[in-house]
Amino acid sequence: MKNVSEYYPKKGRVILHIDMNAFYCSVHAAAEPDKYAGKPIAVAGSVELRKGIVVTSSYEARARGVRTGMTVKEALRHCPGLILISPDFYLYRGFSRRFLQIVNDYSPLVEAMSIDECFVDITGSKQFGTPLEIAEKIQIRIRTELGLPCSIGIAPNKLLAKMGSDMKKPNGLTVLRLRDVPEVLWGRPCGELYGIGSKTAAKLAKLNILTIGELAEADELLLTREFGVLGSWLKLAASGGDDSPVRAEREPNKSIGHTTTLPYNFTEPDDIGRVFLNLADQTARRLRRQQMVCGTVQITIRDPDMKTITRSYTMPEPTENIDDIYREARRLFDRHWTVGEPVRLLGITLQNLTPKAEAAIQLDLFDYEKAARKEKLNEAMDHIRDKFGEQSLLTAGMLGDDPSTLIRNHRIRGTSLQTDFLGKEEDKRDDNS
Amino acid sequence: MRIHLSRTSLAEGLQAVVRAAPAASSVPTHGGLRLEASPDGVTLTMVGGIASARYELPAEKGRVEVERTGAAVVPASYLYELVRRLDDGPVTLERTNSFHLTVASPGMCGRLSGIDPDLFPQAPVPGPEASALRLPNSVLRRMIRQVAFAVSNSDSRPVLTGVLCRLVGHRLTMTATDGVRLATASCETERLHPSADPEQEVSAVLPGRMLTGWARLLTDGGWTDIRLGPREAAFQTGCTSLYSVVLTGAYPPVDKLLPGSLAAEWTMAAPALLQTVERVALLAGKEALLHLRSTEPGVIELTACSADIGELREEIRPDSLSGEPISVSVNGRYLADTLRAADGQRVTVQITGSRSPLVIRPADDPGSLYLLTPVRTRESA
């Protein structure tokens, strides 16, 4: 039996970068192989409108010239048999969770970068075999258990692991050692280095640094003069160096917020109340779409001199209801703002979010029956508004002609409600049930 | 003012008022103790934000002797802590021309700075219209312990920081709730002033902390006379009296809270259940989340788990179990508090649904009843 330890570095780390190949399309093919496997398919936003844009496409479609970012019309010209699918983020999230679970079986140090890629630090995973064996196992399990292809980069740091997984797609398995860097990377243009965007690449080109190799050998002083602290990082990265850790903890709780600039300086409590009601309504809507509950309500107030304050309150129990959010927002405002002082901008941000399914909410003795009815009412109202639009159902207090009423109008004002991936997930659930 | 007292009598009186009066407040007079000497004896008074305590030391040769009448106000804690530490023997208290109080005992002489007795606030004393009742100290103490734990600590609903005391006929019912749990207990009392209509219903919300303080003072013997007025209430036993404001604001209607339909009913030994709950709740962490489940016939399963501590599962076989299999999550600390307060040998737990309150009835005390609202969790959904 071979000594597994010999395959691990004595000092450094072993990092894998796992990149799901054409994730959305692969998921559709895995979920409904009869319909989609082996066929040219593309996921496009708003298929119905015919103005949609290809979000991603299968390798079969790519072979016929379909590219991400093309309009649906253009894609159909290249590939007349292209099957178009509207995105199903609920499905993607499910597969994403399962692929991360598989990775998690080999090390707890998993950092999910997005829905379809992650880093994993397997320095301490010798019990599962050599790094290459672990990568193979993960790849095979993802293929057999989920039916999805992925490419894996194996390297001593995140940068090279990411570069490695990019080398061969689909189903690649690439080891990228530090000593391979000059041969593999140095001949490539700077823009291909993970972390260098088009702007930085253009700036480098002006300095006559065109390849990664030239960047690695560039004068650090020159780079720091041009790019500041980023300069040193650029040079280090070009030589394959990167010591950023794999951060296993999940990203901090996100928040849901809306602010609105008022058409003139508001002073009347009634006007301010209406703005808060509309803000509470739309933030609560997004909260429920994401199937979350919030523990903290924060308000933002800006005066005509652009001085901005935020004040927040953490409630005894989390909520998803507009009335709780509105009440706390008003209470915060009344406590922290002098009546009659002019207000330029108002905002509500919901923080401390937890998935509703996981949240433990202490029910209230005087209110538990009402709370159950309120939940049903929320569901019914959300359903109506999902179907017939935000304006289809309002409480009278929300009516007015200031911009806070416009935050509902998504055609005029592209709010995040439209692009909430998780929100679409909810839509989908409703359709299924 | 110049008085001579035995150290034990003085210490007893000081202890009673200091214990019964509420915690320190930012108002300077609240920490103050008023001594008033009259030919009849000495009266100690403390006035606090929610309750005021009074202790009478009747004149008695060798124990309480008034040489010169008058009044003084000094910080209660210093006088109490000083007298507590003295050896037994005579203590002489004298107010000099200023507001200072000289404290002297054999071999010791001290002086405490005081304030003008005229600035001392009045205790809220109930008027003549108050209803009066009497009950044994042992009964009153038990009743307060059965309900007072359930008062709210939050000022968001001030009236819930109090205990609702209702007198209907001769029956006194105490109810406390913080909006999550509710405790109620009742007993027969003796109504004083029989001239007043005994059928007249009286109710007052008394500060929970005042009642807890009173219960702490009581020994098993003796009686407490209670006077409930519309704005003030008074408790008196032996030499000690306690005066309190009656909390204003409408107490929420509690009669309608008892859930109607019953899904399951379990009866079991109370001490064993409490022990199990305490054990399981130990590993429930900060959120104290406890899951109760009746699964296989005749068995209740209690589980708790927290990511950072661990998990525990325990089974109970109740004496009787009826109804449907059900799962409900509660705050384990609240459940333990409730069972501790229920104070009986057997307890009946009635489940009305995973999202409506548990009803807990001590089997041997039909006058008391507890409600505990569940926590909505994935497990109980």
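Guide: Two residues are in contact when they have heavy atoms within 4.5 Å. This is a predicted model, so local features need pLDDT of at least 70 and side-chain atom pairs pLDDT 80 or more, while totals for chains, interfaces and linings use all residues. Residues are numbered from 1 along each chain as its sequence is written, chains are lettered from A and ligands numbered from 1 in the order written, and side-chain values use heavy atoms, without hydrogens or water.

Visitor: Among contacts in chain A between residues at least 6 apart in sequence, what percentage join residues at least 24 apart?

Guide: Start with the pairs in chain A that are at least 6 apart in sequence. Then keep those at least 24 apart. Their share is 65%.

Visitor: How many helices and strands does chain A have?

Guide: Both are DSSP runs, numbered from the N terminus: helices are H or I with at least four residues, strands are E with at least two. In chain A that gives 17 helices and 13 strands.

Visitor: What percentage of the residues of chain B count as buried?

Guide: Buried means under 20% relative accessible area, exposed over 50%, and partly exposed in between (1.4 Å probe, protein chains only). Chain B has 381 residues. The buried share is 53%.

Visitor: Which residues have the most contacts inside the largest nonpolar core?

Guide: A nonpolar core is a set of buried Ala, Val, Leu, Ile, Met, Phe, Trp, Tyr and Cys residues joined through side-chain atoms within 4.5 Å. The largest one has 98 residues. Those with the most contacts inside it are Leu35(B), Leu79(B) and Leu93(B).

Visitor: At what angle do helix H1 and helix H5 of chain A pack?

Guide: Axes are lines fitted to C-alpha atoms, for helices over the stretch in contact, and angles run from 0 to 180 degrees between N-to-C directions. H1 covers residues 23-31 and H5 residues 89-104, with their axes 10 Å apart. The angle is about 90 degrees.

Visitor: Is H1(A) roughly parallel or roughly perpendicular to H5(A)?

Guide: Under 35 degrees counts as roughly parallel, over 145 as roughly antiparallel, 65 to 115 as roughly perpendicular, and the rest as oblique. The packing angle is about 90 degrees. Therefore H1(A) and H5(A) are roughly perpendicular.

Visitor: Which residues in H5(A) meet H1(A)?

Guide: From H1(A) come Phe23(A), Tyr24(A), Val27(A), His28(A), Ala30(A) and Ala31(A). They meet Phe89(A), Leu91(A), Tyr92(A), Phe95(A) and Ser96(A).

Visitor: What is the phi of Ala22(A)?

Guide: Ala22(A) lies in the loop between strand S1 (15-20) and H1 of chain A. It is buried, with a relative accessible area of 9%. Although Ala22(A) is not a glycine, its phi is positive, at about 40 degrees.

Visitor: How far apart in space are Arg385(A) and Arg285(A)?

Guide: Arg385(A) is in helix H15 (residues 368-388) of chain A. It counts as buried at 3% relative accessibility. Arg385(A) and Arg285(A) are 100 residues apart in sequence. In space, C-alpha to C-alpha, the distance is 9.7 Å.
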